[in-house]
Structures are given as C-alpha cells and as structure tokens.
Amino acid sequence: MNKKYFFLMIIVCLLFSVSSTFAAEIKIGGVAPLTGHVATFGISTKNAAGMAFDKVNAAGGVNIGGTKYLINYIVEDDQGTPEIAANAFRKLMDQDEVIAIIGSVTSSCTLAGVPIAQDAGIPVITPTSTAEKVTQTGDYIFRACFIDPFQGSVVANFSYNDLNARKGAVIFDNANDYTKGLAEVFKATFENLGGEVVAYESFTEESKTVDFSAQLTNIKAANPDVLFLAGYYNAVSLEAKQARDLGITATFVGADGWDSSELAKLAGEAIDGGYFCNHYSSEDPRPMVQNFVKEYSEKFGQTPDALATLAYDAALILVDSLERAGSTEGAAIRDAIKAFNKEVVSGQITYDENRNPIKSAAIIKVEDGKFVFHKTVNP
Ligand code: PHE
C-alpha cells in the first residue's frame, strides 16, 4: 500500500468516526411491563420494537426533513402497575425528553400515563391497550390494536354462533379497565343474541389473587356452556386449573390477555380446547407476516406473540410518521400518525376519528398446549 493511499484511508476513517460521534439522535420512549405478573407482555414488546428501531438505525436512521437521525429507544419497566407507569411516562418526558412514546402495554397502565403525555403534547402509540377509553384521553393518543367493544363482541358471537353456547358465564377483575370492559361487552352482546349470562363473577386485582374458588363455585352451580376467562395469562391459568378441579366442564373462551408463551406451561391441559380472540396469527401466509415471524424467531428463539407483532407495528407507524412529518414537533408527528394508511404486520392500518384502527381479529384454539389458528373475524 503506498503512503498516499494509507493517509487517505486514515483521514476517511477519522471523518467517519467524527461524523458518527455527532450523528443526530432522537429519543423515543418505551413503557412496558418487563417484570411482574404480565412480564412476557413487556419482554415481547421491548424485543420487537427494539428490533424495528435497530433495523432503521442499521439502514442509516430516520430521515426527518433531510437529516438522518439515529433512534435511541429508552424503555422503562412499569411492572404492570398503573402508578409506576405514570412515573415512567413522566421520567421519559421530563428527564429523557423523548419526542414520542410507545406504550404502555396493559390498558390500566396506559390510562395512567396518557393524560400526562396529552398535556405535554407528546404523541403516544400504545401497541396493545384495547380499553376503549385509552384514545378518548385526547388527540395525541393512538393505538396499533383494535378495541375491547369489538373484541368482547367477537368472543360473544363466537360462543353463541360457533360453539352454540346458550348459557354463558364470566369471571373478571373489577379493578382492571381491560377485563371489566370485556366482561361488560361480552354480557351485553351474548344477551342480545338471545343467550343467558348465568353467572357474572368478579374479584379485585388479579395480580394479587390466587384463589378463585368462591367465584368458581357459583359458576359451577349455574352450569354454563362457556366460561369467559377475561383476564391475563397468569390469572387465566389459575382459573382454568381451579375450574377443572371443581368439575366445571364448560368450554373456556378468552381474549388477547391469554397470549403468552407461559399460558399453557402454567395451565397444563386445563386450558386445552379453549379458544381466544387475538390480533394476528403467526400462521397467516401474508409475506409481511412470514418475514416478520422468521426474523423475530431467528433473533429471539420464539415465535412472536401478538404483543411482539403490535409493538413492531407501532414502531413502523411511528418511524413512517416521523418521516412524513418532517419534524420532531409533537403536533406535526400527531398529524402524520393520524394520516397513516399502510399495511403493517397485523394488517392494514387507517385511523378513525377516535384514533383507533379498524382491524380484523383471529380466533386461536389451544390444542395440546399449542396455539392453532382457527378463523378470522372481520369487523
Ligand atoms: N389488550 C390488553 C390490555 O389492554 C393487553 C394485551 C394485548 C395483552 C395483546 C395480550 C395481547 O390491557
């Protein structure tokens, strides 16, 4: 190598390292339960959004108004607890000065955080919080998922029409916006169809409850055809086991809160034969789904659940919106998200006037501890 070429190389290397040291950066916040009773939800969320942002960074960053920015994704653990979620939102905004937030995961946590972001004009996309109230908080709040009035009616319709159930029972957490909302919609829809809700049993705070025998004893006496276990996977697995131990023979139905690699491990065969409503199926042949499933599984050694898919989608929606906004100002980002209209992994997303996407649902059946695609339900 001649000397001239050698020095040229050194200069190029120096310039490169200087420019990358000063590469512009934007901060995006994440709030998710990385520990606690719904920890698999948060881990999937962080993995998938992180994967999306890593890919953007590897390709040079987000182009905002002609400048490329690398994304610094800062994730806070809310432990599935609303008060901790509110502090996480505050910390990300006040201390880290993030320009937008992806989070949180469970509806009660998101509901605790979004009023703070709305007041500060920081756009939020919750990947997975399905409680209807979440986006009613204000015009900076969006989601990547459908809402519980849809999901709850899907479960009721499926129970009545596909399972031919006429007597339904529900067990839910009356201190949780998600499970309470689902229980109400299920009951109203099932009764409208002509079914009878023979038991409607609640308790307070599933993360602190391990014994459901009082509620299940009442349910057993009512002898339902289906039992809607309207909670998250830890509680659902306990309810399923205790119900079978008591001799309840009803078919179990559920909603997206069942979606965890832990469900069948914890519930064992008690949950076999159950059906739940979810946001996507990893068996969907659409190329975008199959590419994502392959990439995520290679990276994390696990098939992506709906939490992963929706977090990936939320990250795609945000990056695309930042590029179209051409600005890091909250109002510009908000307007760009509102105008989003593209296919993402979980389907086509366009926002209605309440900043909710209209999307189809997948019914999944649990067979031998595996999640098997059963059917798609369109809105
Ligand atoms: N929809 C649930 C909630 O609001 C969160 C969730 C989404 C859980 C998807 C599992 C899968 O609170």
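In this predicted model, a polar side-chain atom of T130 stands 2.8 Å from a nitrogen atom of the ligand, and a polar backbone atom of T128 is 3.0 Å from a ligand nitrogen atom. S107 also takes part, with a polar side-chain atom 2.5 Å from an oxygen atom of the ligand. On its own the ligand has 320 Å² of accessible area, and the protein covers 100% of it.

| Residue | Protein atom | Ligand atom | Distance |
|---|---|---|---|
| S107 | polar side-chain atom | oxygen | 2.5 Å |
| T128 | polar backbone atom | nitrogen | 3.0 Å |
| T130 | polar side-chain atom | nitrogen | 2.8 Å |

The space that the ligand takes up is the largest cavity. Around the ligand there are 13 residues, of which S107, T128, T130, Y232 and D256 are the closest. Sorted by class, this shell consists of 5 nonpolar, 7 polar and 1 charged residues. Both domain 1 (20–146 + 284–360) and domain 2 (149–278) contribute at least three residues each to the shell around the ligand.

Two backbone features remain to be described. Most peptide bonds are trans, and most residues other than glycine have a negative phi. The peptide bond from G103 to S104, however, is cis, with omega near -25 degrees, and S104 belongs to the loop that runs between strand 4 (100–103) and helix 4 (107–120). R355, a residue other than glycine, has a positive phi, near 65 degrees, and its place is in the loop between strand 13 (347–350) and strand 14 (361–367).

Key:
Residues are numbered from 1 along each chain as its sequence is written. This is a predicted model: local features need pLDDT of at least 70, side-chain atom pairs count only at pLDDT 80 or more; totals for chains, interfaces and linings use all residues. Side-chain values use heavy atoms; hydrogens and water are left out. A residue is near a molecule or strand if one of its heavy atoms lies within 4 Å of it. A polar contact is a pair of N or O atoms within 3.5 Å; within protein, one must be able to donate a hydrogen and the other to accept it, and residues adjacent in sequence count only if both atoms are side-chain atoms. Accessible areas come from the Shrake-Rupley method with a 1.4 Å probe; for residues, only the protein chains shown count as cover. On a 1 Å grid over the protein atoms alone, a cavity is a set of points where a 1.4 Å probe fits but cannot get out, and a pocket is an open set with protein on both sides within 12 Å along at least five of seven lines; lining residues have an atom within 4 Å of a point. A molecule sits in a cavity or pocket if more than half of its atoms lie within 2 Å of its grid points. Ala, Val, Leu, Ile, Met, Phe, Trp, Tyr, Cys and Pro count as nonpolar, Asp, Glu, Lys and Arg as charged, and the others, Gly among them, as polar. Domain bounds come from an automatic or database domain assignment. Helices (H or I, at least four residues) and strands (E, at least two) are DSSP runs, numbered from the N terminus.
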